Amino acid sequence: MSKKTAAKMGRRDFFRKAGLGVGAAGAAAVGLSVSSAQAATPNKSADKGAGYRETDHVKKFYELAKF
Amino acid sequence: MGERLKGLEVSEEEQLRAQWYSLLARLLSAPPDQALLTMIRGLKGDDSDLGQCIRTLAAAARATTVATAGEEHFNLFIGVGGSELMPYGSYYLTGFLNEKPLARLRDDMAALGIQRADDVKEPEDHIASLCEMMAGLITGAFGAPVDLTRQQHFFANHVACWAPKFFADLQASKTAAFYMPVGAIGSVFMSIESQAFEMAA
């Protein structure tokens with residue numbers, strides 16, 4: 001087994017024991033597509049807000065934050 | 001983030017990491033709406049540290065309401081006239097907002113092809129934004145998935161240097177009820193990430 005493969009298996013086992021696969025995050029993360037970051041596009045005027053969806057509570061948060 | 005080709009490149013455990021980052025991002029960017037609260041109430045956890053945190057979060061979700069969680073979120077993070085916590089890298093690292101850590105973050109974001117979304121007024125070094133960025137680096141939301149070395153570099157320079165302290169503060173806050181287990185999840189997850197990056201090195 002290569003060193004890289006051994007390292008990868010170490011990570012996988014470690015994550016499993018740490019409880020990453022508990023499924024909770026997956027369930028809760030479904031539909032979490034609200035994003036404050038997006039891929040930088042060369043032409044900023046095109047495709048405004050790609051990858052970003054505003055929901056009412058996000059708008060409210062930013063309204064209240066007022067930085 | 002669901003293109004099948006990208007999904008094939010990213011292993012299951014790495015996608016799980018991204019999901020935990022996305023969960024933290026969602027919990028920290030805005031108070032929960034009814035749908036999220038209802039879903040969290042139904043979560044179950046195993047006996048691992050993370051699993052126990054999830055159980056605590058589910059219980060906290062059952063004990064609160066959208067209105068109460070919203071108030072708590074406001075008092076903790078927004079608070080006109082002074083919120084209890086300032087979840088920004090610059091603030092934790094220098095005592096001020098919009099400082100050199102933010103400038104360094106913007107440089108690294110540019111190099112990675114990440115930009116702040118349109119209409120977002122928040123500085124990019126907000127903990128929720130950083131969690132979204134980590135998730136995106138893992139899954140390839142900003143281009144191709146980023147290798148572990150570059151992920152570790154980003155994590156070390158922009159997250160690990162202050163987020164554990166923030167999550168500890170959140171856990172310890174007397175104002176926090178629903179958000180206390182959010183802090184706990186953050187603390188445990190940061191530790192898992194740090195340890196796992198050591199293993200990959």
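Colleague: In which helix of chain B is Leu50(B) found?

Modeller: In this predicted model, Leu50(B) belongs to helix 4 of chain B, which covers residues 49-63.

Colleague: What makes Leu50(B) count as buried?

Modeller: A residue is buried if 20 or more other C-beta atoms lie within 10 Å of its own. Leu50(B) has 25 C-beta neighbours inside 10 Å, and therefore it counts as buried.

Colleague: How many residues along the chain separate Leu50(B) from Trp162(B), and what is the separation of their C-alpha atoms?

Modeller: The two residues are 112 apart along the chain, and their C-alpha atoms are separated by 20 Å.

Colleague: Why is helix 2 of chain B called roughly antiparallel to helix 8 of chain B?

Modeller: Helix 2 (residues 12-29) and helix 8 (residues 127-139) of chain B pack at an angle of about 160°, and their axes are 8 Å apart. Angles over 145 degrees count as roughly antiparallel, so helix 2 of chain B is roughly antiparallel to helix 8 of chain B.

Colleague: What is the handedness of their crossing, and which residues meet there?

Modeller: The crossing of helix 2 and helix 8 of chain B is left-handed. From helix 2 of chain B, the residues in contact include Ala18(B), Tyr21(B), Ala25(B) and Leu28(B). Among those they meet in helix 8 of chain B are Ile127(B), Cys131(B), Met134(B) and Ile138(B). By class, this contact has eleven nonpolar, four polar and three charged residues.

Colleague: What is the secondary structure of chain B as a whole?

Modeller: Chain B has eleven helices and one strand. Along the sequence, the order is α-α-α-α-α-α-α-β-α-α-α-α.

Colleague: How do you know that chain B is as compact as a globular protein of its length?

Modeller: The globule rule gives 17 Å for 201 residues, and the radius of gyration of chain B is 17 Å; chain B is therefore as compact as a globular protein of that length. Taken along the principal axes, the C-alpha atoms of chain B fill a box of roughly 40 × 40 × 30 Å.

Colleague: What share of chain B is buried, and what share of its contacts joins residues at least 24 apart?

Modeller: Of its 201 residues, 49% count as buried. Among contacts in chain B between residues at least 6 apart in sequence, 63% join residues at least 24 apart.

Colleague: Which elements does chain A have, and what share of its residues is buried?

Modeller: Chain A has three helices and one strand, running α-α-β-α from the N terminus on. Of the 67 residues in chain A, 24% are buried.

Notes:
Residues are numbered from 1 along each chain as its sequence is written. Chains are lettered from A and ligands numbered from 1 in the order in which they are written. This is a predicted model: local features need pLDDT of at least 70, side-chain atom pairs count only at pLDDT 80 or more; totals for chains, interfaces and linings use all residues. Axes are lines fitted to C-alpha atoms, for helices over the stretch in contact, and angles run from 0 to 180 degrees between N-to-C directions. Helices (H or I, at least four residues) and strands (E, at least two) are DSSP runs, numbered from the N terminus. Angles under 35 degrees count as roughly parallel, over 145 as roughly antiparallel, 65 to 115 as roughly perpendicular and the rest as oblique. A crossing is left-handed if the near helix is turned anticlockwise from the far one by less than a right angle, and right-handed if clockwise. Two residues are in contact if their C-beta atoms, placed from the backbone, lie within 7 Å. Ala, Val, Leu, Ile, Met, Phe, Trp, Tyr, Cys and Pro count as nonpolar, Asp, Glu, Lys and Arg as charged, and the others, Gly among them, as polar. The radius of gyration is taken over C-alpha atoms; the globule rule is 2.2 Å times the number of residues to the power 0.38. A residue is buried if 20 or more other C-beta atoms lie within 10 Å of its own, exposed if 12 or fewer, and partly exposed in between; C-beta atoms are placed from the backbone.
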